[in-house]
Amino acid sequence: TGAASWYMLTMITQVFGIRGVYGDLKIEPKLLARQFDEAGNADIQLSFADRELKIVVHNPEKCEYGMYEIASCSADNDLIGGIRIAEEYVLIDRERLLSFEAGRRHKIVINLLCKVGAGEK
């Protein structure tokens, strides 16, 4: 019926918020607090721009969706240039993505913080 395919597409594009925008990679997580593991991580592996990526969304305070904002983004343990960080999303330009070495998996980590006054949920 294709239900599994639609479920996966929904998880990737809506829940993890991972999608292409004019060749760039936009990550706009909409994860619920219960979707993070005990360490506050939720991750997904996928291919984008012919690069293998493991995207980890780190929510150490386990804030609920709508109560967190993006604090930083790193790739392979280094803060990366060529990105735009807004309160709700990260945009990594295609040129920066293509600078990642082909043939190996790259780890992108997005760190979340509770919005001021949100408290732990």
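**Entry 1: the open sheet**

Which order do the 5 strands of the open sheet have? I looked it up in this predicted model, where local features need pLDDT of at least 70, side-chain atom pairs count only at pLDDT 80 or more, and totals for chains, interfaces and linings use all residues. Residues are numbered from 1 along each chain as its sequence is written, and side-chain values use heavy atoms, with hydrogens and water left out.

The order I found is β3-β4-β9-β5-β6, with mixed pairing. I noted that β3 (41-48) and β6 (78-79) are the edge strands, each pairing on one side only. Two strands pair here if DSSP finds at least two bridges between them. β3 and β4 (residues 51-58) run antiparallel and are joined by 8 bridges. Within that pair, leucine 46 has leucine 53 in β4 as its bridge partner.

**Entry 2: the whole chain**

Next I stepped back to the chain, which has 2 helices and 9 strands. Both are DSSP runs numbered from the N terminus, helices being H or I of at least four residues and strands E of at least two.

Of the 121 residues, 40% count as buried, meaning under 20% relative accessible area with a 1.4 Å probe and protein chains only; over 50% is exposed, and in between is partly exposed.

Then I followed β1 (residues 18-21), which is joined to β2 by 4 bridges, the two running antiparallel. They form a hairpin with 2 residues between them, and tyrosine 22 in the turn has a positive phi of about 50°. Glycine 20 stands opposite leucine 25 in β2. β2 also pairs with β8 (residues 90-92), in the antiparallel sense over 3 bridges. There, leucine 25 has isoleucine 92 in β8 as its bridge partner.

**Entry 3: lysine 26**

Is lysine 26 buried or exposed? I found this residue in strand β2 (residues 24-27). Lysine 26 counts as buried because its relative accessible area is 19%. Leaving aside neighbours within four places in sequence, lysine 26 is in contact (heavy atoms within 4.5 Å) with residues including Gly17, Arg19, Tyr89 and Leu91.

In a regular strand the side chains alternate between the two faces of the sheet. I noted that both faces of β2 are covered: Asp24 and Lys26 are buried on one side, and Leu25 and Ile27 on the other.
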